[in-house]
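Hi,

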Amino acid sequence: MTRQHRLATLAVQAGEDHRGQFHPLSTPIVQTSTFIFPTSLDVQRYSEGKSSAYMYTRYGNPTLHAAEVKIAALEGGEEGLVTASGMAAISTAALTVLHTGDEIVSSRNIYGGTFHFFNKVLSKFNIGTHYFDGDDLEAAERLITPRTRLLYLETPANPTMRIIDLRRAVQIAKKHRLFSMVDSTFGTPVLQRPLKLGFDLVMHSVTKYLSGHSDIIGGALVGSHKVISEIRDTMKRLGGIMDPTAAYFLLRGLKTLTVRVERQCETASRLARFLARHSRIERAHYPGLKSSPYHRLAVKQMGGLFGGMVAADLRGGRRAAMRFADRLRVFQNAASLGGVESLISLPVLTSQWGYTPQQLRDVGITEGTVRLSVGVEDARDLIEDIRQALE
């Protein structure tokens, strides 16, 4: 398997080793905490870095390695690392890159868990974060000081699908010698590949689209050998390793990534057009809509696919949004996203819980905002479900 193969082929076959004694088609679950060495000399060689053997699953495991190789191939990166959760990936990377007194310049529209990690955890180590509107990268550049170390972005953003110009952002990072990191969970390698544009690190909550079946928690990072090696060392000390069984389910889900995401994007486009025309909807958020301020950039940056997430602001505020969510029958009310099942959530009750009214306004979320994660059900059934719940 080579990097010259196309994405769908890599999704199925990259990282899979069919050379074992019994030639298994699916990578086995190596469910063990530790590994046996034939001799003490073999242990010594491992500790000296002269052996590719495995010692302890917190340090590495064949099932995890297969997932890491596959995700790295999909992103076009040199090496991957899987972690116990998306937040484990973000926190481990940040604690590797940053030191006391450093600063982050971050887009304002980021996942609530990341926002709280920056403000409530990293702040304890005198690591400050300055936020900018993702539409205004010149403002981001003005926030950079001699203490700035990390440029952090999330695009498309949760939950309003705002898009940031990755090419322009990475130019700013390189100009100021900043480490650049992007949360590409909503994008997936099917829609965008930030490493190809020059980013240092790409992050995914594999709980979402990459696993795709709402049955595991996990995270992933992809970058250069040097960067991932340093983050892996931090992960060994912090302990945020993925379990081998979760890695197996991740491998299974990755094989259908392209067909799932393409179907979800197609259906999401239809739902967004329906919502944009409905009288009870004040505004629909989807970059595939020609009325979206991000449409032109999304066409250029995401190759004609616009994602499987749709947000909408209902007239009537939180009460209307809750009534709408409770009346849905095909969509299920749940906080996650990216799986084969269609889900609805209210950001003010989930991902942006704890935001002040001003912070909500800053990221374009209202009390009536709902977030729809579009699954692989029939688009006609999903539209009819939305119609009956609205009416």
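**A buried threonine**

T160 counts as buried, because its relative accessibility is 4% (buried is under 20% relative accessible area, exposed over 50%, partly exposed in between, with a 1.4 Å probe and protein chains only). Before going on, note that this is a predicted model: local features need pLDDT of at least 70, side-chain atom pairs count only at pLDDT 80 or more, and totals for chains, interfaces and linings use all residues. Residues are numbered from 1 along each chain as its sequence is written, and side-chain values use heavy atoms, with hydrogens and water left out.

T160 sits in the loop between β4 (148-154) and α7 (166-175). Helices (H or I, at least four residues) and strands (E, at least two) are DSSP runs, numbered from the N terminus. What does T160 touch, leaving aside its neighbours within four places in sequence? The contacts (heavy atoms within 4.5 Å) are N109, H285, A311, V363, G364 and I365.

**Pockets**

A pocket is an open set of points on a 1 Å grid over the protein atoms alone, where a 1.4 Å probe fits, with protein on both sides within 12 Å along at least five of seven lines; lining residues have an atom within 4 Å of a point. Volume is the space filled by probe spheres set on the points, which are joined across faces, edges and corners.

- The largest pocket holds about 460 Å³. Its lining has 22 residues, with Y59, H65, E68, E79 and R232 nearest the centre. α3 (62-75), β1 (79-83) and α10 (225-238) each give at least two. By class, 9 are nonpolar, 6 polar and 7 charged (charged is Asp, Glu, Lys and Arg; nonpolar is Ala, Val, Leu, Ile, Met, Phe, Trp, Tyr, Cys and Pro; the others, Gly among them, are polar).
- Y111, N158, S205, K208 and L337 lie nearest its centre, out of 22 lining residues. α4 gives the most, with 3.

**Rings**

The whole structure has 9 aromatic pairs (Phe, Tyr or Trp six-membered ring centres within 6.5 Å; planes under 30 degrees apart are stacked, over 60 edge-to-face, the rest tilted). Y286 and F306 are edge-to-face, because their planes meet at 70 degrees, with centres 6.5 Å apart. They are 20 residues apart in the chain, and both are buried. F115, Y131 and Y355 form a cluster through ring pairs.

Regards
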